[in-house]
Amino acid sequence: MLQNLHIKNLALIDELDIELGEGLNILSGETGAGKSIIVGSIGIGLGGRFGKDLLRDPEKDGLVELIFTVDSEAVREKLSAIEIETPDDMVIISRRVSGTRTVNRINDATVSVGKLRETAEILINLHAQHEQTTLLKESRHLEIIDSSDDRIEEVKKTVAETYHEYKDVCDRLSSLNMDEGERRKRQDFLQYQIEEIEKAGLKEGEDTELEELYSRISASHDITEIAEDVHSVTGYDNVSSAGSMFSRACQRIRELEKYDNGEAAASLINSLSDIDSLLNDFNNDIAEYMKNMEFDPELLRETESRLDLINTLKSKFGKTVPDIMETLSSLKQEYEELEGFNETLAELNEKEKVLFKRLKAESDKLTEIRKDAAEKLTAKIKEALLGLNFSEVIFYAAFSETENYTANGHDSVSFMISTNVGEKERPLAEVASGGELSRVMLAIKSTLADKDETPTLVFDEIDVGISGITAQKVADMMKLLSKTHQIITITHLPQIAAASDIHFLIEKTVEDGKTHTGIRRLDEEEIIYEIARILGGEKITESVLSSARELRTAGPVN
């Protein structure tokens, strides 16, 4: 859910920090108080236009930051699929305008606005006037239908598997679509490539071993110089070297035995003898190490030549030796197919016919189930719309076939709607009224409440043009939806305000000759008073307050 909204230097806002909560979050206030700025800020945070002209003070940075908590495994998986991590089960989206530059961040990482929008769509739906939402995209309509019926998933899987088999055969046929001359030319080239790889006689891991050997050979001069210096300092060839000095010290310390047979003297003699022995072993080891660093110049040339050959093959056929060998296998397969061209062509053509027939049958089966699911789903959505003051509504899913088969079948779907008698049905995205569109979205969301995984829904202008029993129905539906989603909405209606779990009052004040928009969370008594203000206007009587309390405590309308 959206846990926190932080706004700085935007329109009439100097700085606001809003802590939202679960359930139904209501925002209300006098006309012109700045309610639309709050929802507009959310839209900016989700990737909407954020220009310098929106800033309160153009000399300062503007900031919108949204902090989301993620407690759904399904949502975490969707975010992970687009490489968005959720440290501490949180996602922080921020947008800052500085001068002419807008910086978009997710969890402190700078991202493109496209990446930001892709992430936001998983976390929140904003249903505001002229706001394009995921539900308005026709590509989502098919997904909505598919999510509404458990029968569809298994058939979709079969269609996808059949499609990929069919596509693979089609691609192979396409690669064989050439005349005799082209085919022979291709075979000659394949033969040349196959021989080039096979002649190299590659072995797995050989490149790594050669690179290590080449590194040692190239550095052998420097290594030998260091080793010789250490050998000289620790050896026995020079009277001032460590080995010679330790040898003399050992001879000298053994003279203690003439005068002292105690344990302390014996311990010192043994210790020094051990050190001398270790130093002698070390000196022999480093001498042997130097011998191993003596490389034949011919070995260097051979190593360089072999590495050059392997790197040339890597540049042509793959980044690693296993990749090259995999390419060799593919080249041989293609060569064999061309060698037996007529047989291969006949076999693939027959396979293509069989797979296309199967793909068509499975896709037709998928279409049939989808249409059945769509009929049931749109009937439920229409029923929800009838309860939201759409008395003559028509709502259905219009199916058409895509030009080509895909891994998702051959269906294209658009939700069609008419909200007035005699009015032609239009695609859902063409519904003009912001309030009308918000109520359509509410009906769809409430119908799909148990399927929709988007945690937060924001509704603006959802109460435009309604009142009375319809307003109560909208309130009841929003309250029901808030059991499974976080809902954030602006309202001017007491019925919707009375259903709140959390209520914020947006106020406009004037300080030092400047207008400011502020927001504060109301306690229970303040909620009653705000409902009364919406009910009664400027003059709030005890009777109005009583009506507000009754509305606040009343249950849903049956």
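A helix here is a DSSP run of H or I at least four residues long, and helices are numbered from the N terminus. With that in hand, look at Met-441, which is found in helix 14, residues 434–447. Keep in mind that you're looking at a predicted model.

Is Met-441 buried or exposed? Buried means under 20% relative accessible area, and Met-441 has 1% relative accessibility, so it counts as buried. Now find Phe-459, which sits 18 residues away from Met-441 in sequence. In space, the two are 8.7 Å apart, going from C-alpha to C-alpha.

For a contrast, turn to Gly-513. You'll find Gly-513 in the loop between strand 14 (502–511) and strand 15 (514–521). Exposed means over 50%, so with a relative accessibility of 73%, Gly-513 counts as exposed.

Next, let's see how some helices meet. Two packed helices are described by the angle between their axes and the distance between the axes. Start with helix 2 (residues 73–81) and helix 3 (residues 113–123), which pack at about 170° with their axes 10 Å apart. Angles over 145 degrees count as roughly antiparallel, and that's why helix 2 and helix 3 get that description. Where do they touch? Helix 2 brings Val-75, Lys-78 and Leu-79, while helix 3 brings Thr-119, Ile-122 and Leu-123. Sorted by class, the residues of this contact between helix 2 and helix 3 are four nonpolar, one polar and one charged.

Helix 4 (138–147) and helix 13 (residues 341–386) give you another arrangement. Their axes cross at roughly 90° and come within 9 Å of each other. Angles of 65 to 115 degrees count as roughly perpendicular, so that's the label for helix 4 and helix 13. On the helix 4 side you'll see Leu-142, Ile-144, Ile-145 and Asp-146, and they meet Arg-370, Ala-373, Ala-374 and Leu-377 of helix 13. This contact of helix 4 with helix 13 has six nonpolar and two charged residues, with no polar ones.

What's the lining like by class?

Finally, a bit of backbone geometry. Most residues other than glycine have a negative phi. Ala-11 isn't a glycine, yet its phi is positive, at about 50°. Look for Ala-11 in the loop between strand 1 (2–10) and strand 2 (13–19). Ala-11 has a relative accessible area of 32%, so it's partly exposed. Asp-89 is another residue that has a positive phi without being a glycine, at about 55°. Its place is in the loop between helix 2 and strand 5 (90–98). With a relative accessible area of 39%, Asp-89 is partly exposed.

Methods
Residues numbered from 1 in each chain as written. Predicted model: local features only at pLDDT ≥ 70, side-chain atom pairs only at ≥ 80, totals over all residues. Heavy atoms only, no water. Axes fitted to C-alpha atoms, helices over the stretch in contact; angles between N-to-C directions. Helix = DSSP H or I, 4+ residues; strand = E, 2+ residues; numbered from the N terminus. Parallel < 35°, antiparallel > 145°, perpendicular 65-115°, else oblique. Contact = heavy atoms within 4.5 Å. Nonpolar A, V, L, I, M, F, W, Y, C, P; charged D, E, K, R; others polar. Buried < 20%, exposed > 50% of the residue type's maximum accessible area, 1.4 Å probe, protein only.
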